[in-house]
Amino acid sequence: MKRAICAALAVLAAVTVAWGMGRENPQGDLAAAAISGEMLRLHVLANSDSEADQALKLVVRDAVLSAARPLLQQAQNEGTAREIAQTHTKELRAAALTAARKAGYKGDIAVSVGRYGFPDRTYEGVFVPAGDYDAVRVVIGKGGGHNWWCVMYPTLCLPVNEDAPAPKEVKFRSGIAHWWRSITAAKTDESQKTRAD
């Protein structure tokens, strides 16, 4: 009986591990990219710090991300993601300009792909150290306002939110341990009922 339970637990553990490895894990992909430095980032610089320019920055960001999303789905690594972004800078700029014009902005927007310096950042709990990274840079007008950052590849797009509350504690539970406790609790209940009778 004990051997059968141990064998069942071993099989269940193997299936659980295999299932977990096959799932998409954007934070795991980002963590691996942070270690290797193999990522494509997005940097959007607002024209100024006025309320209207800061709101426009987010409109332009959303337009660039919407245009980039289907393009970058074909990327197999950071190098191909960079090539795709470089090849499609005109389309990314057109998307940014269209959104900006709809919002009433009449100035220029520049979109470039290059290697730019970034400060330390934490994205969804993953620390990315300061350094030079490949990035799509979007400069609205003079680019003199606060900016917005995210990682476009390998994930699209984890923003940095410095005003966000501290993340809640993550609690891990084991399905196997829960199952084992339910079996042993049921046996304990049965033995107590037998003794009471």
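Contact, for everything below, means heavy atoms within 4.5 Å. Ground rules: I'm on a predicted model, where local features need pLDDT of at least 70, side-chain atom pairs count only at pLDDT 80 or more, and totals for chains, interfaces and linings use all residues. Residues are numbered from 1 along each chain as its sequence is written, and side-chain values use heavy atoms, with hydrogens and water left out.

**Entry 1: overall fold.** I counted six helices and seven strands; these are DSSP runs (helices H or I, at least four residues; strands E, at least two), numbered from the N terminus. Along the sequence the order reads α-α-β-α-α-α-β-β-β-β-β-β-α. Of the contacts with a separation of 6 or more, 71% are between residues 24 or more positions apart. Of the 197 residues, 32% are buried (buried is under 20% relative accessible area, exposed over 50%, partly exposed in between, with a 1.4 Å probe and protein chains only).

**Entry 2: cores.** I looked up the nonpolar cores, meaning sets of buried Ala, Val, Leu, Ile, Met, Phe, Trp, Tyr and Cys residues joined through side-chain atoms within 4.5 Å. The largest has 28 residues, and Leu42, Val60, Ile109, Val136, Val138 and Met152 make the most contacts inside it. At least two residues each come from β1, α3, α4, α5, β2, β5 and β6. α3 gives the largest share, six residues. Another core of eight residues lies apart from it, with Met39, Tyr116, Tyr133 and Trp149 among them.

**Entry 3: helix α4.** Which residues of α4 are buried? I get Glu78, Ala81, Ile84 and Ala85. They sit on the same side of α4 because they cover an arc of only 120° around the axis, the arc being that of the directions from the helix axis to the C-beta atoms.

**Entry 4: salt bridges.** My criterion is a side-chain nitrogen of Lys or Arg within 4 Å of a carboxyl oxygen of Asp or Glu. The structure holds four. One of them joins aspartate 134 and arginine 82 at 3.1 Å, N to O; aspartate 134 is in strand β5 and arginine 82 in helix α4, 52 residues apart. Aspartate 134 also pairs with arginine 115, at 3.2 Å between the closest N and O atoms, and arginine 115 is in strand β2, 19 residues away. Shared partners put Arg82, Arg115 and Asp134 in one network. Aspartate 134 is buried at 9% relative accessible area, arginine 82 is partly exposed at 26%, and arginine 115 is exposed at 52%.

Aspartate 108 bridges to arginine 93, with closest N and O atoms 2.6 Å apart.

**Entry 5: aspartate 53.** This residue is in helix α3 (residues 51-72). Leaving aside neighbours within four places in sequence, aspartate 53 is in contact with Ala46, Asn47 and Ser48.
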